[in-house]
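Here is my note on the model. Please keep the sequence and structure open as you go through the points.

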Amino acid sequence: MIENRPLLVYVTHGVLILGLLVISFPIYIAFVASTHAVEDLIATVQPWFGGQLIENYLTVLRSGKQTAGGVPVSTMMFNSLIMALGITVGKIMISIISAYAIVFFRFPFRMFFFWIIFLTLMLPVEVRILPTYKVVADLGLLNTYAGLTLPLIASATATFLFRQFFLTVPDELVEAARVDGAGPVRFFLTILLPLSRTNIAALSVILFIYGWNQYLWPLLITTDTDMTTIVMGIQRMLFVADAVPEWNLTMATAMLAMLPPVVVVLVMQRQFVKGLVETEK
Amino acid sequence: MQKRVTFRNLWLPYLLLAPQVIVTLIFFIWPASQALFQSLLVEDPFGLRSEFVWFQNFEELFADPLYLDSLLITTVFSISTTFLALTSGLLLAVMADRVVKGAAAYKGALLWPYAVAPAVAGVLWLFLFSPANGIIALTLKTMGYDWNHVLNGGEAMLLVVLAAAWKQIAYNFLFFLAGLQMIPKSLLEAAAIDGAGPGKRFWTIIFPLLSPTTFFLLVVNVVYAFFDTFGIIHAVTSGGPAGATNILVYKVYADGFIGLDLGGSAAQSVVLMAIVITLTVVQFRYLERRVQY
């Protein structure tokens with residue numbers, strides 16, 4: 001603080017608290033709605049918690065929402081988890097070894113491969129929806145976990161992050177390893193991988209959120225309701241014809257859909273901030 | 001850039017690159033080239049024959065009032081979302097930067113909406129504004145305003161902008177706060193001694209010094225509004241009412257998967273690719289400049 005202005009201190013805290021309230025408001029209302037019975041939410045607003053917290057959550061976890069296909073939310077969460085972990089682990093594995101090849105080796109067509117990988121940065125799924133769908137369909141990967149994860153696994157961002165980091169590894173380290181007789185594989189496993197630990201942790205947080213929150217892709221390639229992920233499952237719950245819109249169950253599902261990524265961000269806040277800042281560099 | 005010391009091996013680097021290159025070729029390069037090729041074809045309704053028509057699909061696209069509408073809607077949507085998310089993020093970051101006590105607590109509490117999926121953010125806001133039982137919609141009703149985004153295009157747009165901006169504030173807040181903390185305190189103290197108040201200090205010192213961060217966030221937010229908001233639109237309005245929230249990404253999906261107009265959808269994909277590439281190049285050129293600071 002540069003000068004002492006008591007009034008300004010109050011204004012500052014006031015604005016921040018107001019901001020917090022506005023940001024948290026939708027979540028609060030959703031959580032409140034998820035604790036009520038269906039009848040309580042017809043044409044009325046519930047400002048305070050109801051008594052059906054456990055019933056509602058158990059209902060959606062066990063049997064889902066009957067009017068919207070009745071897929072248990074626990075199944076959806078399991079699918080989302082597999083997808084998120086598959087994308088996280090797969091992306092980190094393939095990008096760390098390709099970055100290793102690009103930085104620590106000299107070989108013909110090195111830059112050519114570098115540019116092929118670089119191109120993917122410019123082509124998010126959203127802009128090549130139909131042809132990618134066709135490829136996955138031709139490979140027979142519709143409604144499979146492989147189809148959910150593989151097309152999202154290649155990414156230039158992770159490769160770049162590792163490349164940037166590898167470039168900062170001192171040459172002396174490589175020389176020392178070579179003098180001691182370590183080959184490329186040994187150097188990678190015993191020196192480079194342990195050094196990359198914090199970067200891998202930071203990237204994992206970001207990729208887990210990215211994978212869990214995927215929406216368009218699972219929407220396209222899963223027609224089998226048993227393969228529904230939770231984020232797209234909510235959308236199916238919204239549009240139910242000729243039935244009481246069971247907002248309490250929909251909101252309970254929304255809370256469950258947010259829970260894992262939000263918990264990851266709160267628990268691993270340091271890695272999250274590091275990952276966010278570094279993937280954008 | 002390249003390291004001085006490298007390993008020598010004939011086949012290992014190719015083996016290490018193989019997984020990523022194979023996935024990239026199968027799921028990125030091949031489909032993208034298909035989209036490019038398809039955008040030059042017209043297919044008959046049964047998908048039996050296709051004819052090479054050069055740029056006819058593009059000509060039709062830019063003559064189509066629905067597409068031009070969608071372009072305009074996307075512009076309005078991304079400008080409003082970006083503006084709202086940037087100003088709120090900046091305001092909160094400036095305030096959090098001033099706070100001495102409890103800064104970490106505020107930071108933690110403001111970060112987590114980033115982790116909420118766009119589609120889920122959309123559903124939360126949809127519930128707040130649900131005409132039958134949404135708390136905000138019913139409050140507006142008691143004040144004499146009849147909110148119904150299912151019928152009113154402007155209200156639908158406002159709703160998706162609010163949901164999209166709400167999710168993005170956390171991101172902007174984080175980057176603005178990092179930018180603010182890099183500004184040397186001595187500059188601000190010198191200005192204060194010269195008699196500049198907090199407002200004057202903000203506009204003449206902090207805001208100009210923050211401009212690299214602002215510009216970077218501008219690009220990121222526009223990309224977000226263009227591409228990552230598909231879930232919000234799809235879950236909340238499905239492009240409606242009467243196409244009032246039919247942004248480009250949603251239109252590619254709707255025309256291709258529901259309308260089955262393959263050539264037209266591919267042409268739209270190509271236009272989108274051009275937009276992404278332009279934005280990426282802008283971002284990278286700017287990033288190079290920032291390195292020299």
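At what angle do H1(A) and helix H5 of chain B pack, and how far apart are their axes? Point 2 takes this up.

1. Ground rules. This is a predicted model: local features need pLDDT of at least 70, side-chain atom pairs count only at pLDDT 80 or more, and totals for chains, interfaces and linings use all residues. Residues are numbered from 1 along each chain as its sequence is written, while chains are lettered from A and ligands numbered from 1 in the order in which they are written.

2. The helix pair. H1(A) and H5(B) (residues 118-128) pack at about 75 degrees, with axes 9 Å apart. Axes are lines fitted to C-alpha atoms, for helices over the stretch in contact, and angles run from 0 to 180 degrees between N-to-C directions. The two helices are therefore roughly perpendicular (65 to 115 degrees). Helices are DSSP runs (H or I, at least four residues), numbered from the N terminus.

3. Who meets whom. From H1(A) come A:Pro26, A:Ile27, A:Ile29, A:Ala30 and A:Ala33; they meet B:Leu124, B:Trp125, B:Phe127 and B:Leu128 of H5(B). Contact means C-beta atoms, placed from the backbone, within 7 Å.

4. The whole interface. Chain A contributes 81 residues and chain B 82 residues. On the chain A side, H1 (residues 6-33) gives the most, with 13 residues.

5. A:Met251. This residue sits in H13 (residues 247-267) of chain A. A:Met251 counts as buried because it has 26 C-beta neighbours inside 10 Å (the cut-off is 20 or more). Leaving out residues up to four places away in sequence, A:Met251 touches A:Ala30, A:Ala33, A:Ser34 and B:Phe127.

How values were computed. Two residues are in contact if their C-beta atoms, placed from the backbone, lie within 7 Å. Angles under 35 degrees count as roughly parallel, over 145 as roughly antiparallel, 65 to 115 as roughly perpendicular and the rest as oblique. A residue is buried if 20 or more other C-beta atoms lie within 10 Å of its own, exposed if 12 or fewer, and partly exposed in between; C-beta atoms are placed from the backbone.
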